[in-house]
Amino acid sequence: MSSPVGRIAVRVTARARSDEVVGERAGVLAVRVKAPPVEGRANDAVRKLLAKRLGVPASRVAVVRGGSSREKLIAVEGLETKALRRALGLGPATSRG
């Protein structure tokens, strides 16, 4: 049996003053990172930030869509979506429409 994979939509602001999870806006997790959006550095910073916040290795966090966009879909191996949202202090998922 494979382990669960939780997914969450993230909007990234690169070149921020600090690395932080800002909160949720319209069903999307807002994240700020100091890294610039070049050569995958902002993506790596997002992965590391979320991994640290969730208490999982960064290797279990992946950008599955939006690698060159501000809007990304992040997958976390080993956590279901509900547990992922709970660990980030977010409420239940709502449909975006």
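How much space lies in the largest pocket? About 180 Å³. I will come back to what lines that pocket. One caution before the rest: this is a predicted model.

Let me start with the sheet. Five strands, in the order β2-β3-β1-β5-β4, form an open sheet, and the pairing is mixed. Which strands stand at the edges? They are β2 and β4, the latter covering residues 61-65. Each of these two has a single partner strand, so one side of each has no neighbour in the sheet. On average, neighbouring strands here are turned by 40° against each other, with direction ignored.

Strand β1, residues 5-13, is joined to β3 by 4 bridges, and the two run parallel. If you want a place to look on screen, find Val10, which stands opposite Leu29 in β3. Then look for helix α1, which packs on the sheet. Helix α1 touches β1, β2, β3, β4 and β5, where β5 is residues 71-77. The direction of α1 makes about 130° with that of β4.

Staying with α1, which spans residues 41-54, take Asn43 as an example of a residue in this helix. Is Asn43 buried or exposed? The relative accessible area of Asn43 is 13%, and the cut-off for buried is under 20%, so Asn43 counts as buried. Leaving out residues up to four places away in sequence, Asn43 touches Val63, Gly67 and Lys72.

Next, the salt bridges. How many does the structure hold? There are 4, and I will go through some of them.

One joins the side chains of Arg32 and Glu20, at 3.0 Å from N to O. Arg32 lies in strand β3, residues 28-32, and Glu20 lies in strand β2, residues 20-25, so the pair ties together parts that are 12 residues apart in sequence. Both ends are partly exposed: Arg32 has a relative accessible area of 31%, and Glu20 is at 29%.

Another salt bridge is formed by the side chains of Arg85 and Glu24, at 2.7 Å from N to O. This pair links distant parts of the chain, with Arg85 in helix α2, residues 81-87, and Glu24 in strand β2, 61 residues apart. The two ends fall into separate classes here. Arg85 has 6% relative accessibility and counts as buried, whereas Glu24, at 32%, counts as partly exposed.

A further salt bridge sits within a helix. The side chains of Arg47 and Asp44 meet at 3.3 Å, N to O. Both residues lie in helix α1, 3 residues apart, which is about one turn of the helix. Asp44 is partly exposed, with a relative accessible area of 35%.

The largest pocket is lined by 14 residues. Which of them are closest to its centre? They are Pro37, Ala42, Gly67, Ser69 and Lys72. As for which element gives the most to the lining, that is α1, with 3 residues.

To recap, we have an open sheet of 5 strands, with helix α1 packed on it. There are 4 salt bridges in the structure. The largest pocket holds about 180 Å³ of space, and α1 gives the most to its lining. That is all I have.

Key: Residues numbered from 1 in each chain as written. Predicted model: local features only at pLDDT ≥ 70, side-chain atom pairs only at ≥ 80, totals over all residues. Heavy atoms only, no water. Buried < 20%, exposed > 50% of the residue type's maximum accessible area, 1.4 Å probe, protein only. Contact = heavy atoms within 4.5 Å. Pairing = 2+ DSSP bridges. Axes fitted to C-alpha atoms, helices over the stretch in contact; angles between N-to-C directions. 1 Å grid on protein atoms, 1.4 Å probe; cavity = no way out; pocket = protein on both sides within 12 Å on 5 of 7 lines; lining within 4 Å. Points joined across faces, edges and corners; volume = space filled by probe spheres on them.
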